[in-house]
Amino acid sequence: QVQLVESGGGLVRPGGSLRLSCKASGFAFGSYWIDWLRQAPGKDREFLASIGPNSDFSHNAVSMKGRFTISRDNAKNTVYLQMNMLKPEDTAVYHCAARLGVSPYTYWGRGTQVTVSS
């Protein structure tokens, strides 16, 4: 069974940090690009970061540079999103998604809620 399962979300104060995890199973994880995206209520889905199959390429949305870092551990079939200096506007459901190269997303996770509030 193919699964992408996000975890690590929660409630954090402004300025705090969280590390999200995206655990994959049931498909050839090491062949896929993995992206992190988020969606806040009433807003469009927003791309955050992407990482290539062998971590040889990663890309952050310009607005996230300096705060969010994507990484992966293929031995654990897991991709991470380290989020620092969190702001209330980072509140959203965070999803990971898998794709082969530039193709549309093949697999999606259900998401993990991140709430940034004092």
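In the predicted model, 53% of the contacts in the protein chain with a separation of 6 or more are accounted for by residues 24 or more positions apart. The secondary structure of the chain comes to 0 helices and 11 strands, and the pattern read along the sequence is accordingly β-β-β-β-β-β-β-β-β-β-β. The radius of gyration of the protein chain is 13 Å, close to the 13 Å that the globule rule gives for 118 residues, so the chain is as compact as a globular protein of that length. Taken along the principal axes, the box filled by the C-alpha atoms is roughly 40 × 25 × 25 Å, and buried residues make up 42% of the 118 residues.

In soluble globular proteins, nonpolar side chains tend to be buried together. In the present model, the largest nonpolar core has 29 residues, and those with the most contacts inside this core are Trp36, Leu81, Met83 and Tyr94. At least two residues of the core are supplied by each of the strands E3 (18–25), E4 (33–39), E5 (46–51), E7 (68–73), E8 (78–83), E9 (92–99) and E11 (112–116). For Leu81, when neighbours within four places in sequence are left aside, the residues in contact are Leu18, Arg19, Leu20, Trp36, Leu48, Ala49, Phe68, Thr69, Ile70 and Tyr94; two of these, Trp36 and Tyr94, are themselves listed with Leu81 among the core residues with the most contacts.

A search of the whole structure finds 5 aromatic pairs. One of them, formed by Phe27 and Tyr32, is edge-to-face, with 5.0 Å centre to centre and 80° between the planes; the pair is assigned to this class because the angle is over 60 degrees. Phe27 counts as buried at 12% relative accessibility, and Tyr32 is likewise buried, with a relative accessible area of 9%, since both values fall under the 20% limit. Together with Tyr107, Phe27 and Tyr32 form one aromatic cluster.

Aromatic rings also take part in arrangements with arginine side chains. Arg19, which is in contact with Leu81, lies over the face of Tyr80, at 4.1 Å from the ring centre. The charged end of Arg72 sits over the ring of Phe29, at 4.4 Å from the centre of that ring.

A further arginine, Arg67, is found in the loop between strand E6 (58–60) and E7. Although the residue carries a polar side chain, Arg67 is buried, with a relative accessible area of 9%, and a polar atom of this side chain lies 3.0 Å from the backbone oxygen of Met85. Not counting residues up to four places away in sequence, Arg67 touches Gln82, Met83, Asn84, Met85, Leu86, Lys87 and Asp90, a list that includes Met83, which was named above for its contacts inside the largest nonpolar core.

Ala40 and Asp90 are 50 residues apart in sequence, whereas their C-alpha atoms are 8.2 Å apart in space. The place of Ala40 is in the loop between E4 and E5, and at 16% relative accessibility this residue counts as buried. When residues up to four places away in sequence are not counted, Ala40 touches Thr91 and Ala92.

Terms used: Residues numbered from 1 in each chain as written. Predicted model: local features only at pLDDT ≥ 70, side-chain atom pairs only at ≥ 80, totals over all residues. Heavy atoms only, no water. Phe/Tyr/Trp six-rings, centres within 6.5 Å; stacked < 30°, edge-to-face > 60°. Buried < 20%, exposed > 50% of the residue type's maximum accessible area, 1.4 Å probe, protein only. Lys NZ or Arg CZ within 6 Å of the ring centre and 35° of its normal. Core = buried A, V, L, I, M, F, W, Y, C linked by side-chain atoms within 4.5 Å. Helix = DSSP H or I, 4+ residues; strand = E, 2+ residues; numbered from the N terminus. Contact = heavy atoms within 4.5 Å. Polar contact = N/O pair within 3.5 Å; in protein donor to acceptor, adjacent residues only side chain to side chain. Rg over C-alpha atoms; globule rule 2.2 N^0.38 Å.
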